[in-house]
Amino acid sequence: MAESVQVRLSDGVRLHADVAGPETAPLTVVLLHGWTLDRRTWHRQVTGLRQAYGDTVRVVRYDARGHGRSDPTSLRSATLDRLGDDLAEVLARVAPSGRVVLVGHSMGGMTVMEYAHRHPADFARRVAGVVFVSTTAEGHTHTAYGVPAPLARLIRIAETTGAGLLARFGGWRTPGPLLQALRPTLRWLLFGDTCDPADIRLTTSAVSRASLVSVGGFRPSIGAQHRLETLSTLGEVPTVALVGDRDRLTPPPCTESIAAALPSAELTVCPGAGHMLMLERPDEVTTALRSVVGRALAATKITRAAAAPAGVRRAGARQAGTRRAGARRTGAIVVQPGRLAAGRGAACR
């Protein structure tokens with residue numbers, strides 16, 4: 001059973017978090033949601049992790065400032081660098097010790113990159129694995145909304161102009177009737193070929209909780225971020241990056257550039273899926289997450305039991321290898337580490 005926790009940040013903003021699993025767990029998984037969404041989008045992955053690992057893994061998901069049940073944000077603090085600092089404070093509060101796996105969707109993935117950029121020593125010391133879901137390290141460089149380039153430029157101008165206007169409405173939220181009218185647009189923008197009605201209802205509900213200053217205020221920071229250089233310094237941290245080939249916001253070139261900056265990363269492309277992979281392709285996302293968690297747990301056990309008999313350590317390694325092999329038995333197309341850098345990335349689409 002998850003416990004609700006309020007995390008008060010250094011600037012007074014309170015974040016709402018759900019925490020499942022004991023503080024003594026050897027590994028903590030932190031799930032970070034996307035722009036205008038909330039922690040509920042991860043509900044299937046929480047269930048999958050709890051079923052697979054029980055109390056061996058602590059699972060944390062929280063609403064970013066200005067989203068979900070967390071406090072509103074000011075326009076001044078509606079930036080990715082602030083979100084990176086928020087993640088550092090959340091870890092210090094709910095997972096002060098032990099290794100962590102960071103899992104970020106869209107803006108959540110950008111938050112992980114910002115944390116790595118602004119807190120490199122903490123990242124190197126704490127992070128045992130990363131999963132990037134439908135995100136980018138290059139702002140809106142590759143965002144084309146699934147339309148021809150001239151129309152995409154017009155949409156971007158309209159989007160950025162509208163974001164500036166929305167940011168002026170502070171803590172107000174999108175009126176219900178307007179949000180219902182926008183549901184077909186949300187469905188087209190965020191989902192791929194098919195969409196479960198329950199998933200679009202959940203997504204619409206999440207958007208309804210985001211304050212307008214968050215909807216508009218984070219847009220400039222999201223569009224301008226460039227963190228490929230930061231990713232290139234992360235070394236051999238186990239990493240998986242997933243994307244849908246129908247993603248209109250962070251299309252496959254976004255994830256391919258992440259995989260190219262991280263030669264050890266595994267890239268997974270989900271045919272027919274859009275931006276909301278956690279909901280559209282929950283099995284693929286959960287399998288990728290379990291692959292990284294399995295490797296992180298194996299590394300943690302080896303570190304803790306360095307003096308154990310060699311046979312015990314080899315058994316742990318075989319168990320981790322089984323999990324990694326399981327990660328490849330999905331319906332998605334997987335590019336193994338190093339292939340993108342070798343110029344074979346075209347095989348994934």
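Of the contacts in the protein with a separation of 6 or more, 80% are between residues 24 or more positions apart; contact means heavy atoms within 4.5 Å. This is a predicted model, in which local features need pLDDT of at least 70 and side-chain atom pairs count only at pLDDT 80 or more, while totals for chains, interfaces and linings use all residues. Residues are numbered from 1 along each chain as its sequence is written, and side-chain values use heavy atoms, with hydrogens and water left out.

Start with the whole protein. It has 14 helices and 9 strands, taken as DSSP runs numbered from the N terminus (helices: H or I, at least four residues; strands: E, at least two). Buried residues make up 54% of its 349 residues. Buried means under 20% relative accessible area, exposed over 50%, and partly exposed in between (1.4 Å probe, protein chains only).

Next, select V29, V101, L289 and V293. Of the 42 residues in the largest nonpolar core, these touch the most other members. Such a core is a set of buried Ala, Val, Leu, Ile, Met, Phe, Trp, Tyr and Cys residues joined through side-chain atoms within 4.5 Å. Helix α13 (residues 282-304) gives the largest share of this core, 7 residues. A second, separate core has 36 residues, including V5, V13, L87 and M113. Now centre on V101: leaving out residues up to four places away in sequence, its contacts include L27, A128, L289 and A296.

Move to helix α11 (residues 252-261). Because 8 of its 10 residues are buried, α11 is largely enclosed by the rest of the structure. Among the buried ones are C254, E256 and I258. What do the buried residues of α11 pack against? Show α3 (107-118), β6 (127-133), α10 (228-231), β7 (239-244) and β8 (266-270).

Then select Y115 and F123. Rings of Phe, Tyr and Trp (its six-membered ring) pair if their centres lie within 6.5 Å; planes under 30 degrees apart count as stacked, over 60 as edge-to-face and the rest as tilted. The count comes to 1 aromatic pair. Y115 and F123 form this tilted pair, 5.9 Å centre to centre with 55 degrees between the planes. Y115 is buried, at 2% relative accessible area, and F123 is buried at 4%.

Finish at L154, in helix α5 (residues 149-166). Is L154 buried or exposed? It counts as exposed because its relative accessibility is 55%.
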